[in-house]
Amino acid sequence: MADGSSGDNGGLLRQRDFRHLWAADLISQLGTRVSYLAVPLLAVSTLNASAFEVSLLRAFQTVAYLLIGLQVGAWCDRIRCRPVLVVADLGRAVALGSVPLAAALGVLGIGQLYVVVFVVGVLTVFFDVAHQTYLPRLVERARLIEGNARLQGNASVAAVAAPTLAGYLVQWFTGAGGVLADAASYLWSALWLRSIHRPEQAPPREGSTRMREEIRAGLRLVSGDPILRAIAGSTATFCLAQAIYTAIIVVFLVRVVHLSPAAIGLLNTVGLTGALVAAFATRPLAALLGQARLLWLTVLVAAAGFVLVPLTGPGARLAFFAVGGFVTSFGIIACNIVEVSFQQARCPAHLLGRLNATVKFLMWGTISLGSVLGGVLAGLVGLRSTLWIAAMIVGLSTLWLVLSPLRRMRDLPTATPTPHADQAPAT
């Protein structure tokens, strides 16, 4: 155990260091989710940005994974990760803090928002890769599903609470108030991460291997294992569709459904309660159905939820958005818990940073493409038709898993694959 009691009453939260990691993550997730809605609302309501300009915000935020994602993965396998987490949090707080300052001075423009989200995106690459690499260094591998479920619980609580909070912050204080809340949350996260006591040993170096060769090792690990390859392909395809959706959904709700910021936040909160349910239900469902079955079933569930969203309209038709959001968020969170835990258990420890970076490179790379594509499609075929296209692409993402070896499995294998082998290990 990392520290603290070894009993199961309270689980990992009885361990002081994991509890501090969990506390840092909780408020940080809440702030990130507030900003997730506040920034596009700020662009639409205050800066009168077009659908394409709003979609570029998401693209600037995620393009950093294409630029440096694989390099950061190799780097995180060489160093201690906790200092990276602290520095990334502090940098994000400073960058986001410039937005309310500029708004107060009356000089905020869309150009500054692009710069800020790009800087935050670069720092988020370092944070996200280091965060997933750090957890297996803090807790035993046998408890990774519990650890990831606890952290996904934070994401789910934030997903439920933040939209309503963000909606009212924007309505009362404009979008700059929501961005300020996010900046403060990163300061909170840095303080809690700094207080973790357990020493983190720097991983041993792999001789004189060059970074390019280390990156290739991570790519071979994913491409050479049929299950990791199917998961990566499904995730990338799903994220393409989700990015198209995310790029335009606020514009759709404001200009087509004619909702206020507070109403948009409340509606998102209702829909995202599915994420909270998934955080608590995933472990028992995995035990009941099997991890492999649950993995592809949750993607099918999420795809079904996406189909309901384009039916959204004023009045009673708002229920389509709420129900679709519930079903989709449940499927996404449950799938993510199983995927991340499997990747952490399956991957050799010295390659974990590169595995995380390779998967995120594919995921966020398609998000960058999807964000721009969402804005382009909205201009060509309209906002509602673009949402139908996104739903169709989500359906295609299920084929990666259904046509893979997962369809014949109940549980996921945990044997470590050989990263340089031409053939994947027997499962």
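Tutor: Residues are numbered from 1 along each chain as its sequence is written. In this predicted model, local features need pLDDT of at least 70 and side-chain atom pairs pLDDT 80 or more, totals for chains, interfaces and linings use all residues, and side-chain values use heavy atoms, without hydrogens and water.

Student: Why are helix 3 and helix 5 called roughly parallel?

Tutor: Helix 3 (residues 64-76) and helix 5 (residues 110-138) pack at about 30°, with axes 10 Å apart. Angles under 35 degrees count as roughly parallel, over 145 as roughly antiparallel, 65 to 115 as roughly perpendicular and the rest as oblique; helix 3 and helix 5 are therefore roughly parallel.

Student: What makes the pair of Phe60 and Tyr114 tilted?

Tutor: Rings of Phe, Tyr and Trp (its six-membered ring) pair if their centres lie within 6.5 Å; planes under 30 degrees apart count as stacked, over 60 as edge-to-face and the rest as tilted. The centres of Phe60 and Tyr114 are 4.9 Å apart and the planes stand at 35°, so the pair is tilted. Phe60 belongs to helix 2 and Tyr114 to helix 5, so the pair ties together parts 54 residues apart in sequence.

Student: Is Tyr114 buried or exposed, and how do you know?

Tutor: Buried means under 20% relative accessible area, exposed over 50%, partly exposed in between (1.4 Å probe, protein chains only). Tyr114, at 14%, therefore counts as buried, whereas Phe60, at 32%, is partly exposed.

Student: What separates Trp188 and Trp192 along helix 7?

Tutor: Trp188 and Trp192 are 4 residues apart in helix 7 (residues 175-194), so about one helical turn separates them.

How values were computed: Axes fitted to C-alpha atoms, helices over the stretch in contact; angles between N-to-C directions. Helix = DSSP H or I, 4+ residues; strand = E, 2+ residues; numbered from the N terminus.
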